[in-house]
Amino acid sequence: MKHTLMTLPFEENAFEPIISKETIRYHHGKHHAGYVNNLNKLIAGTPYENMDLSTIVKSAQGAIFNNAAQVYNHDFYFNGLSSTSTTPSPELLVSIQRDFKSREILKKAFLEAGAALFGSGWVWLCVDEGGTLHIEQHANASNPLLNKHTPLLTCDVWEHAYYIDYRNARADYLHKWWELINWEFVSQNLALFAKSRN
Ligand code: MN
């Protein structure tokens with residue numbers, strides 16, 4: 001199957017001044033698009049050609065893994081942003097309360113994990129096989145599918161995600177990004193996980 005670049009569910013300038021139109025345009029139109037194009041070239045004529053994206057992520061290595069995972073991760077990142085105010089579902093709130101004690105503690109732990117991640121990568125909120133929420137740091141293109149965990153939310157901490165707007169101040173970017181989270185998307189991901197266990 002041919003992979004396509006997702007259409008952003010918001011305008012390029014939807015997050016100004018927190019994330020500039022220029023950042024969104026380069027991030028989606030150059031970086032994200034580049035991974036999609038590379039992936040399509042790399043899988044042509046290979047056994048990966050007819051696999052869906054998450055199956056490639058779970059089974060490929062090297063350049064095919066890197067490009068497939070970067071497509072998956074960026075789809076997840078952009079779907080996790082909202083230009084309107086959203087709220088977590090009651091089920092998500094119960095899980096956050098149970099596993100982090102409070103939303104403030106989750107926020108602090110997530111932002112610290114993102115700021116502390118060395119080099120390029122991603123910070124994720126995920127759910128393990130038992131249904132427990134936790135935070136994972138992943139370098140480069142890696143993601144929680146490799147741990148057989150279900151992702152709920154991610155933040156991109158590659159420099160291209162924030163350098164135009166924040167230069168080297170990654171922690172500032174993370175704090176501002178937190179205000180843009182699409183909690184309906186996070187809640188849907190948890191609901192799909194719960195449904196898959198029934
Ligand atoms: Mn990125």
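## A charge over a ring

A charge is said to sit over a ring if NZ of Lys or CZ of Arg is within 6 Å of the ring centre and within 35 degrees of the ring normal. R103 and W183 give us an example: the charged end of R103 sits over the ring of W183, 5.3 Å from its centre. Please keep in mind, as we go on, that this is a predicted model.

## The manganese site

Let us turn to the metal. Which protein atoms are donors of the manganese ion? They are NE2 of H27, NE2 of H74, OD of D156 and NE2 of H160, and they lie 1.9 to 2.1 Å from the ion. H27 belongs to helix α1 (residues 21-43) and H74 to helix α3 (residues 62-79), so this pair ties together parts that are 47 residues apart in sequence. Along the chain, the donor residues follow the spacing H-x46-H-x81-D-x3-H.

Are H27 and H74 buried or exposed? H27 has 2% relative accessibility and counts as buried. H74 counts as buried too, at 0% relative accessibility.

## Aromatic residues

The whole structure contains 15 aromatic pairs. Take Y162 and Y173: their ring centres are 5.1 Å apart and their planes meet at 25 degrees, so the pair is stacked, the cut-off being under 30 degrees. Y162 sits in the loop between β3 (150-156) and α6 (163-166), while Y173 is part of helix α7 (residues 170-177), so the pair ties together parts that are eleven residues apart in sequence. Y162 is buried, with a relative accessible area of 3%, and Y173 is buried as well, with 1%.

There is also an aromatic cluster to look for, formed by F10, F15, Y72, F76, Y77, F78, W122, W124 and F185.

Helix α4 spans residues 90-100, and its buried residues are L92, S95, I96 and F100. Seen down the helix axis, the buried residues of α4 fall within an arc of 100 degrees, so they line one face of the helix. They pack against α5 (103-116), β1 (121-127), β2 (133-139) and α8 (183-197). On the face of α4 turned away from its buried side you will find the exposed residues P90, E91, V94 and Q97. Just after the helix, K101 takes a positive phi of about 80 degrees.

Now for helix α7, where R170, Y173, L174 and W177 are buried. These residues cover an arc of only 100 degrees around the axis, which puts them on the same side of α7. Among the elements that cover them are α3, α5, β3 and α6.

## Strands β1 and β3

Strand β3 is mostly covered, with six of its seven residues buried. How do β1 and β3 run, parallel or antiparallel? The two strands run antiparallel and are joined by six bridges. Within this pairing, V123 stands opposite C155 of β3.

## The segment before α1

Finally, have a look at H3, which is placed in the segment before α1. With 7% relative accessibility, H3 counts as buried. Which residues is H3 in contact with, leaving aside its neighbours within four places in sequence? They are V36, L39, N40, I43, M51, D52, L53 and I56.

Conventions: Residues are numbered from 1 along each chain as its sequence is written. This is a predicted model: local features need pLDDT of at least 70, side-chain atom pairs count only at pLDDT 80 or more; totals for chains, interfaces and linings use all residues. Side-chain values use heavy atoms; hydrogens and water are left out. Buried means under 20% relative accessible area, exposed over 50%, partly exposed in between (1.4 Å probe, protein chains only). Helices (H or I, at least four residues) and strands (E, at least two) are DSSP runs, numbered from the N terminus. The arc is that of the directions from the helix axis to the C-beta atoms. Contact means heavy atoms within 4.5 Å. Donors are N, O and S atoms within 2.8 Å of the metal (3.2 Å for Na, K and Ca); water is not among the atoms, so sites may look incomplete. Rings of Phe, Tyr and Trp (its six-membered ring) pair if their centres lie within 6.5 Å; planes under 30 degrees apart count as stacked, over 60 as edge-to-face and the rest as tilted. Two strands pair if DSSP finds at least two bridges between them.
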